Amino acid sequence: MKGAGFLLAFNLLVLASSFVSAYDPSPLQDFCVAIDDTKNGVFVNGKFCKDPKLATANDFFFSGLNIPKNTSNYVGSAVTPVNVDQIPGLNTLGISLVRIDYAPNGGLNPPHTHPRGTEILVVLEGELYVGFVTSNPNNRLISKILYPGDVFVFPIGLIHFQQNVGKTKAVAFAGLSSQNPGVITIANAVFGSNLPINPDVLARAFQLSNKVVKYLQSRFRSF
Ligand SMILES: *[C@@H]1O[C@H](CO)[C@@H](O)[C@H](O)[C@H]1NC(C)=O
C-alpha cells in the first residue's frame, strides 16, 4: 500500500514536470526543429518537433545579420533577435543570438533583464558603456567601457544596459543561453503595463508624485 502511494506520488511528479518547464530542457536527441503543424510532428518536448527526417538546412539557418537596423527611435538603439522564432532548429538547444545597433552620441539599450538567459556580448564597432546591477540587498553596479573586440557578460536575470558613448554608430552581437531568453524592459514594464499599475503604487515605490507617475505612464503607454 505504502509502495503504491509512493508510485502514485512519483507518477504525479513526472506528470507535473511534463507540464512545467522553467528552463530550456536538455535535448534527448540531436535536434527538435520546432513546428506548429502537428501533421509532420512526431513528439513533444516543449514544442512539437518536426520529423527529424524532414529537417533541412534552412531549419538551422538565418540570413541578414549583417544589415544594420534603423535606430531612429526614442532610445536610439535597435535589436535584431535570432532565437527559436527565427530559427526553428534552435528548439531545445538552449542558445540564441542578437545583433544590437546603437545610434551615435548616447544610443541606449535601456535597462532590461532576460528572465531565462545569461548574455555574452562582443563589441564590433564603437564605444559602449555597459553594466549590470546585482540583486538585493547590495545592488552593486558592475560596469565598464567597451571597445571593439571587447566581451562582457550579463548574468541571467540581472538588470543591465548598454549605451553608445562614442561619436560614431556602434554595433554589438550577443549570445544568450536560451532558445527564447525573453526581455523585460524595466521602464516599459513598470510604467507602460497593460493595464496600467495604480499610480499610488508607483508613486510610493519610486518616491515620485502621482503627477509625475501619470506623466511617465502616458509616455510609456504611447510606445
Ligand atoms: C529610420 O526611421 C525613421 C523614423 O521612422 C525614418 O524617418 C527614416 O527614414 C528611417 N531611415 C532609414 C535609413 O530607413
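Helices (H or I, at least four residues) and strands (E, at least two) are DSSP runs, numbered from the N terminus. What you have open is a predicted model, where local features need pLDDT of at least 70, side-chain atom pairs count only at pLDDT 80 or more, and totals for chains, interfaces and linings use all residues. Residues are numbered from 1 along each chain as its sequence is written, and side-chain values use heavy atoms, with hydrogens and water left out.

Buried means under 20% relative accessible area, exposed means over 50%, and partly exposed is in between (1.4 Å probe, protein chains only).

**Stop 1: a sheet**

Select S8, S7, S10, S5 and S12. These five strands make an open sheet in the order S8-S7-S10-S5-S12, with antiparallel pairing. Two strands pair if DSSP finds at least two bridges between them. In general, strands of a sheet pair through backbone hydrogen bonds, either parallel or antiparallel. Which strands sit at the edges? Strand S8 (141–146) and strand S12 (184–185) do, since each pairs on one side only. Now zoom in on S5 and S12: two bridges join them, and Thr-113 stands opposite Ile-184 in S12.

**Stop 2: the annotated residues**

Take Asn-109 by itself. You'll find Asn-109 in strand S5 (residues 108–113), and it is buried, at 8% relative accessible area. Contact means heavy atoms within 4.5 Å, and leaving out residues up to four places away in sequence, Asn-109 touches Ser-77, Val-79, Ile-100, Tyr-102, Phe-161 and Gln-162.

Now hop to Glu-119 in strand S6 (residues 119–125). Is Glu-119 buried or exposed? Glu-119 counts as buried, at 3% relative accessibility. Show side chains and look for the polar contact of 2.9 Å between Glu-119 and His-114. A polar contact is a pair of N or O atoms within 3.5 Å; within protein, one must be able to donate a hydrogen and the other to accept it, and residues adjacent in sequence count only if both atoms are side-chain atoms.

**Stop 3: the rings**

Finally, select Tyr-74, Phe-191, Phe-206 and Phe-220, which form one aromatic cluster. Rings of Phe, Tyr and Trp (its six-membered ring) pair if their centres lie within 6.5 Å; planes under 30 degrees apart count as stacked, over 60 as edge-to-face and the rest as tilted. The count by this rule is seven aromatic pairs. One of them is Tyr-74 with Phe-220, edge-to-face at 6.4 Å centre to centre, with 75° between the planes. Tyr-74 lies in the loop between strand S2 (47–50) and strand S3 (77–82) and Phe-220 in helix H4 (residues 210–221), so the pair ties together parts 146 residues apart in sequence. Tyr-74 is partly exposed at 42% relative accessible area, while Phe-220 counts as buried at 15% relative accessibility.
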